[in-house]
Amino acid sequence: LIELALKGFSIEGLLKDIGIKGAGEIEIKPEQVSLVKLPDGDKPGQLRISGFAKNLVFRDDPSVRKDELKKIVGGSAIKTEMNIESAKIEVKDLDSFVFVRPNPEVGRKADLKKLKVNDISLTNIEASAKIWAKFPIFGWLRGTFPQIGTIAGKIPDEKVNSELRLGTLDIDTDESGKTTSISNLLIQLFEIGGQTQKAKFKLPSLTLSPKLITTGKDPIELELYFKDLDRGGDFSFSLENEDLSHRGTRPKK
């Protein structure tokens with residue numbers, strides 16, 4: 001289990017069949033594992049990583065950081081969880097990686113102490129998810145995605161993949177805590193064989209530190225289509241920076 005700088009958000013799972021191409025130095029100690037890219041002669045090096053994710057679980061519990069959820073009945077039940085059965089993972093350039101190995105006997109937890117990568121992707125996703133999101137007017141709603149994967153596009157033979165992509169990811173830990181910076185984040189998830197729900201999110205820039213959360217000036221895009229069975233309605237929501245629009249059917253009584 002790895003907890004990131006955003007309180008309540010964590011990742012756990014397995015990486016298999018990992019391949020490394022390029023020049024790098026790996027060090028394995030009882031306390032930690034590290035990998036650092038090395039230069040290619042007089043040129044900057046490139047360290048490519050590829051493999052597969054198995055049983056990877058993303059969890060987010062916003063109730064631990066949002067006061068509004070702490071004040072309402074059932075607020076602690078609002079938890080997003082995505083279970084990725086399998087996916088292909090690629091990193092086109094890894095600069096550095098430091099992972100602290102867990103040891104319950106001395107009270108040491110697993111921790112991603114440092115990670116700096118460029119152009120990372122998670123594709124060929126086969127997953128399921130329960131996603132909570134706050135909609136205007138309707139409040140917090142849950143979309144249940146029994147199966148997530150690839151859907152047909154708008155033109156013949158076109159395929160649209162569920163995927164996660166990042167331009168850069170930089171995680172660093174010091175005495176004050178963990179700081180995570182990302183750029184050009186894209187998440188798009190499509191339900192298959194069900195109610196055609198979807199979730200799409202574009203975030204140009206984000207920095208999470210122990211005392212501050214900042215985003216850049218470029219527009220943030222969010223598009224959601226849920227069928228909340230508990231509320232008995234179809235709900236869609238789109239957001240681009242400060243330009244907010246929404247539509248939906250009111251829950252059936």
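How many bridges pair β4 and β6, and in which sense? I started here. I found β4 and β6 paired in the antiparallel sense over five bridges. I kept in mind that this is a predicted model.

**Around β4.** I looked next at strand β3, residues 24-28, and strand β4, residues 32-37. They pair in the antiparallel sense, over five bridges. A hairpin of three residues joins β3 to β4. I then picked out single partners. Ile-28 has Val-33 in β4 as its bridge partner. Val-33 in turn has a bridge partner in β6, namely Phe-99.

**Ser-96.** I stayed with β6, which covers residues 80-100 and holds Ser-96. Is Ser-96 buried or exposed? I read a relative accessible area of 6%. Ser-96 counts as buried because that value is under the 20% cut-off. I left aside neighbours within four places in sequence and listed its contacts. They are Leu-35, Val-36, Lys-114, Leu-115 and Lys-116.

**Ile-18.** I turned to strand β2, residues 9-21, where Ile-18 sits. The relative accessible area of Ile-18 is 40%. That lies between 20% and 50%, so Ile-18 is partly exposed. Which residues does Ile-18 touch, not counting those up to four places away in sequence? I found Ile-49, Ser-50, Gly-51 and Phe-52. I checked one of these, Phe-52, by distance. Ile-18 and Phe-52 are 34 residues apart in sequence. In space they are 7.0 Å apart, C-alpha to C-alpha.

Note on methods:
Residues numbered from 1 in each chain as written. Predicted model: local features only at pLDDT ≥ 70, side-chain atom pairs only at ≥ 80, totals over all residues. Heavy atoms only, no water. Helix = DSSP H or I, 4+ residues; strand = E, 2+ residues; numbered from the N terminus. Buried < 20%, exposed > 50% of the residue type's maximum accessible area, 1.4 Å probe, protein only. Contact = heavy atoms within 4.5 Å. Pairing = 2+ DSSP bridges.
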